[in-house]
Amino acid sequence: MKELNKEEFKSEVEDYVKVLFRKSIKEADDQQIFQAVAYAVKDFIVDQWMATHRTYEEKDVKTVYYLSMEFLMGRALGNIIINLKGNQAIKEAIEELGLNLDVIEDQEPDAALGNGGLGRLAACFLDSLSTLGYAAYGCGIRYKYGMFKQVIENGYQIEKPDDWLKYGNPFEIKRPEYAVEVKFGGYVSIKKDEETGRNKFVQENYQSVLAVPYDLPVVGYNNNVVNTLRIWDAEAIDTFNLDSFDKGDYQKAVEQQNLARTICEVLYPNDNHMAGKELRLKQQYFFVSASVQRAVMKYMEKHDDIRKIHEKVCFQLNDTHPTVAVAELMRILVDEYNIEWDEAWHITNKTCAYTNHTIMSEALEKWPLELFSRLLPRIYQIIEEINRRFVLDIQRAYPDDYGKVERMAIIYDGQVKMAHLAIAAGFSVNGVARLHTEILKNQELKDFYQMMPEKFNNKTNGITQRRFLLHGNPLLADFVTKKIGDDWITDLKHIDELSVYTDDEMSRKEFMNIKYQNKVRLAKYIKEHNGIEVNPRSIFDVQVKRLHEYKRQLLNILHVMYLYNELKKNPDKEFYPRTFIFGAKASAGYHRAKSIIKLINSVADVVNNDKSIDGKIKVVFIENYRVSNAEIIFAAADVSEQISTASKEASGTGNMKFMLNGAVTLGTMDGANVEIVEEVGKENAFIFGLSSDEVIAYEHNGQYNPRDIYNTDGDIRAVLTQLVDGTYSSNLDEFRDIYNSLLDGQGGRPDMYFILKDFRSYAEAQERVSAAYADTAKWAKMAMLNTAKCGKFSSDRTIEEYAQEIWHLEKVKVEVTTED
Ligand code: OAK
């Protein structure tokens, strides 16, 4: 590993301030200093970046292309510095320049090119791929505006554009030499190929854009490996010249310019929900076509037989969003390389693999035929042919079961079903936690599992300990290293060696003292950003994640309302002070989710200002929850709220970040919670609520009526009544929709997420939390065991499994030579 020279680094920073801004360090503002430091860091890694790619080429290793609409990277600078092990040297260099690294890191906008779990997982995977030394490209879109900035005004969420590229991105490198054309619309003609005499399908009268890649470095930990996140931007193809003007193509030239301008404009802010907009499909095909075209070109630069592409290339589809990749690869093989359909299909099968990230039905991608065939006429033809053959396969396999085609066809009911396409075309279908994979196999994708069981496998998610412990929680990271050495940084299994210290009182005290300091750090953040004073000695009970009904932030806040009622009734009741902390963005068009945010803020207003409860309950809604403040929040949590309706959360990854930081899970047996409990032991978590089998059974038999609970449980009735009686809003209709959703519901399904059903069990689990926390030694042991037992949940483990079982990659060692 190359050493970082402090003096050289200092003079680079000075030079960059001068060259970029014509200023001295003293004159430059914080943003300019950040830019200069970032350029100096990029200078340092560029040799490793080049060496990595040289090594891949020399060894001709297989590469995974992780195709994803989302990469929720967060900030790069701090992460790169820790992965370079340059923390100390750079910190000192910066201090000697009279600057402060924390302030500098704070200037960097988050690269928020994602919504939540799926996008952050992609970012963790890239970190692990580099650290493990696997050849990989992340392929995505360079959105001009990422995930919106959330501002809370009068308790309401307001969305502001995230202009993250305002000052430019010092880490990116534009690669116009690798630009490719992507075509939309028009029609397909059949032409005779002069050479072969065969019919050729040619797209005509289309509009096209130029896809231009920008590369971002993904630095491995202490190993010289720097992989690439390649994000594509759209530029207009230069038809706007006099020639086309003369030919009367003026209109088309303008249209193409507009198309290029709009494609990469903004990330759709939907989590677990399909918006179904034409522009979204354009985005999908845009980055997929560009990525697949480039991957094929790169492969063909070194090899002469396209038929063997699967030996060197794997496309991993991050959910169904990039599934057009299978048809794009077919198009290239059949139309451009003249390969027969059957053979092209086999090549495609061996090259593509699909990950499912949700069973929420509203997230399933289905595109209307009219839209799809108009926008992507040749791709549509190919999918029609794939479907025709797949339907024949189904009929052959199940000649007497007519329902099979209805349930499994790729094209049905006037729609293209992307999940069906991904399963039919790929060689692997994986879920993201054991329970989730079982639900896919036995419920959601049962027919497909029956027909193609060999494709199905599980890859339980993971997170990178380097960002979420080493960078986010330096105090705990140092403590762990002091106790057990630093192997955990690249092999998290070692963290189990901490277990023996849970019986040592001094170690427990040290651990809890670190937690306390992290709570002080978060309290300061809350004071600065929310103006709310919180007590770091209270229990920090945290739920941070996207706002979705299935995640049940509503259950949490209804329980707060209930506790508040209890305290009011019983002011002398023994009660361990609690701070309920929320952070969540709601999709801009998701009205009920936005009402729930308003409810949390309204409850906060009332409770926080009620002197009579003596500050025993505080409620805080942290504005603009994102990767950078998440790092501070996880470090400070005592209780990790993972309370989704069982069966609905595919995995969850926040649950793992809390665990790593020594928070205890309060959760349902859903997603990866099941495996967390298995690792840490159920005595070290607080589990409640319906099981996934019970939820599924109720969904099938329809025998749940929340009115029964409302009628018989006075406390719950009181809380619900307060939603509409003015307790939390003078506008009695403010929360009426929430109230109705619980008691009347939509389409005859009140309380779809079983909030009232699980309420008592949740409240009782919360009581167990309070009792456990009051026993300091017991709590410290539980918390510490959570950190110790989280070894399984490193994304390094997950990536090792993908690499061995799906991608079949080999590990590479990179040496930086003088050549670089
Ligand atoms: C987003 C859009 C469409 C479909 C799924 C998602 C998504 O973010 N799913 C989430 O993926 C995470 C990573 O696998 C899981 O941990 C979450 O449980 C899941 O909701």
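Biologist: At what angle do helix α21 and helix α28 pack?

Modeller: This is a predicted model, in which local features need pLDDT of at least 70 and side-chain atom pairs count only at pLDDT 80 or more, while totals for chains, interfaces and linings use all residues. Residues are numbered from 1 along each chain as its sequence is written, and side-chain values use heavy atoms, without hydrogens and water. Helices are DSSP runs of H or I with at least four residues, numbered from the N terminus, and each axis is a line fitted to C-alpha atoms over the stretch in contact, with angles from 0 to 180 degrees between N-to-C directions. For α21 (residues 553-569) and α28 (residues 714-722), the axes lie 10 Å apart and the angle is about 110°.

Biologist: How is α21 oriented relative to α28?

Modeller: An angle of 65 to 115 degrees counts as roughly perpendicular. The angle here is about 110°, and therefore α21 is, relative to α28, roughly perpendicular.

Biologist: Is Lys 551 buried or exposed?

Modeller: Lys 551 is found in the loop between β20 and α21. Buried means under 20% relative accessible area and exposed over 50%, with a 1.4 Å probe and protein chains only. Because its relative accessibility is 8%, Lys 551 counts as buried.

Biologist: Which side chain does a polar contact of 2.9 Å join to that of Lys 551?

Modeller: A polar contact is a pair of N or O atoms within 3.5 Å, where within protein one must be able to donate a hydrogen and the other to accept it, and residues adjacent in sequence count only if both atoms are side-chain atoms. The contact of 2.9 Å joins the side chain of Lys 551 to that of Glu 649.

Key. Helices (H or I, at least four residues) and strands (E, at least two) are DSSP runs, numbered from the N terminus. Angles under 35 degrees count as roughly parallel, over 145 as roughly antiparallel, 65 to 115 as roughly perpendicular and the rest as oblique.
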